[in-house]
Amino acid sequence: MIKQVSIAVSRCTSNYETWLKKVCPGVDIVNFDDRDPGDFKRSVPSYSGLVLTGGGDIHPSLYGNPDTEHHCQGIDIRRDELEFSMLEAALTVGLPVLAICRGLQVLNVFLGGTLIPHIPALAGSLVHKDLQDVQHNVSVNPDSQLFRIAGRVSGTVNSSHHQAIEKLGSGLIITANSADGIAESVEFIDNNRLYCVAVQWHPERMDLENPLSGGIGYAFMKRVSGI
């Protein structure tokens with residue numbers, strides 16, 4: 001049985017709370033939205049894991065591409081600062097990290113990577129975002145933590161993003177792709193030292209029976225519980 005754990009969530013909406021509590025009913029969720037960027041660093045020993053959630057775009061000046069700001073949606077520089085600070089603190093102490101959609105992009109940019117400003121501008125790209133979630137298949141690298149979690153080399157996920165990884169951040173490997181070559185999941189090369197699963201889709205809005213949703217959540221909770 002998974003023991004009670006305390007999870008810091010960068011911005012916790014009802015979808016994330018419901019999903020996390022389905023995975024681990026006793027989990028203590030602490031929402032850091034609107035908190036000072038230094039709060040998590042000062043209290044990091046109190047937490048068993050960090051979840052970076054979805055949302056608007058990262059300010060492109062943070063990855064050296066300020067001229068693409070006109071492509072961006074929902075920029076919130078305060079949130080950028082908060083999540084960079086939280087991620088730095090978590091990685092410093094080796095706290096397990098689950099990064100979802102925007103969270104994957106935050107991880108990539110924090111580690112020196114860059115983003116594709118607008119996927120629809122790429123010739124031959126799939127539809128990754130519409131008024132509602134779209135669905136597409138992903139191919140999973142069989143030599144990856146994600147494969148060990150999900151137990152499959154392909155699957156169907158939801159999608160709601162118009163930006164994605166361009167240059168990969170330092171120390172990361174791509175562990176899943178969509179058919180148009182977009183990176184759909186990343187993790188650290190040395191995932192035993194720094195546990196992090198980062199996915200471009202939204203497992204909190206998928207069927208928990210899907211191993212690319214529930215499997216990810218259960219594996220994260222198992223890791224933060226130390227069992």
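This is a predicted model: local features need pLDDT of at least 70, side-chain atom pairs count only at pLDDT 80 or more; totals for chains, interfaces and linings use all residues.
At roughly what angle do the axes of helix α3 and helix α4 cross? The axes of α3, residues 77-93, and α4, residues 102-110, come within 10 Å and cross at roughly 70°, which makes α3 roughly perpendicular to α4. From the side of α3, the residues that meet α4 are Arg79, Asp80, Glu83, Phe84, Leu87, Glu88 and Leu91, and on the α4 side they are Arg102, Val106, Leu107, Val109 and Phe110. Sorted by class, this contact has seven nonpolar and five charged residues, with no polar ones.

Let me stay for a moment with arginine 79, which has its place in helix α3. Is this arginine buried or exposed? Its relative accessibility is 2%, and therefore it counts as buried. Leaving aside residues up to four places away in sequence, arginine 79 touches Ser10, Arg11, Thr53, Gly54, Gly55, Gly56 and Arg102. Arginine 11, one of these, is 68 residues from arginine 79 in sequence, while the two C-alpha atoms are 8.9 Å apart in space.

Turning now to the sheet, we find that it is open and has nine strands, in the order β2-β1-β3-β4-β11-β10-β9-β6-β7, with mixed pairing. At its edges stand β2, residues 28-31, and β7, residues 154-159, and because each has a single partner strand, one side of each is left without a neighbour in the sheet. From one strand to the next, the twist averages 25°. The partner of β7 is β6, residues 134-140; the two run antiparallel and are joined by six bridges, and valine 134 stands opposite serine 159 in β7. Helix α3, to come back to it, lies across β1, β3, β4 and β10, and runs at about 150° to β3.

Finally, the cysteines. How many disulfides does the structure hold? The number is zero. For cysteine 12, the closest cysteine sulfur is that of cysteine 24, and since the two sulfurs are 14 Å apart, they are too far from each other for a bond; a disulfide would need them within 2.5 Å.

Note on methods: Residues are numbered from 1 along each chain as its sequence is written. Side-chain values use heavy atoms; hydrogens and water are left out. Axes are lines fitted to C-alpha atoms, for helices over the stretch in contact, and angles run from 0 to 180 degrees between N-to-C directions. Helices (H or I, at least four residues) and strands (E, at least two) are DSSP runs, numbered from the N terminus. Angles under 35 degrees count as roughly parallel, over 145 as roughly antiparallel, 65 to 115 as roughly perpendicular and the rest as oblique. Contact means heavy atoms within 4.5 Å. Ala, Val, Leu, Ile, Met, Phe, Trp, Tyr, Cys and Pro count as nonpolar, Asp, Glu, Lys and Arg as charged, and the others, Gly among them, as polar. Two strands pair if DSSP finds at least two bridges between them. Buried means under 20% relative accessible area, exposed over 50%, partly exposed in between (1.4 Å probe, protein chains only).
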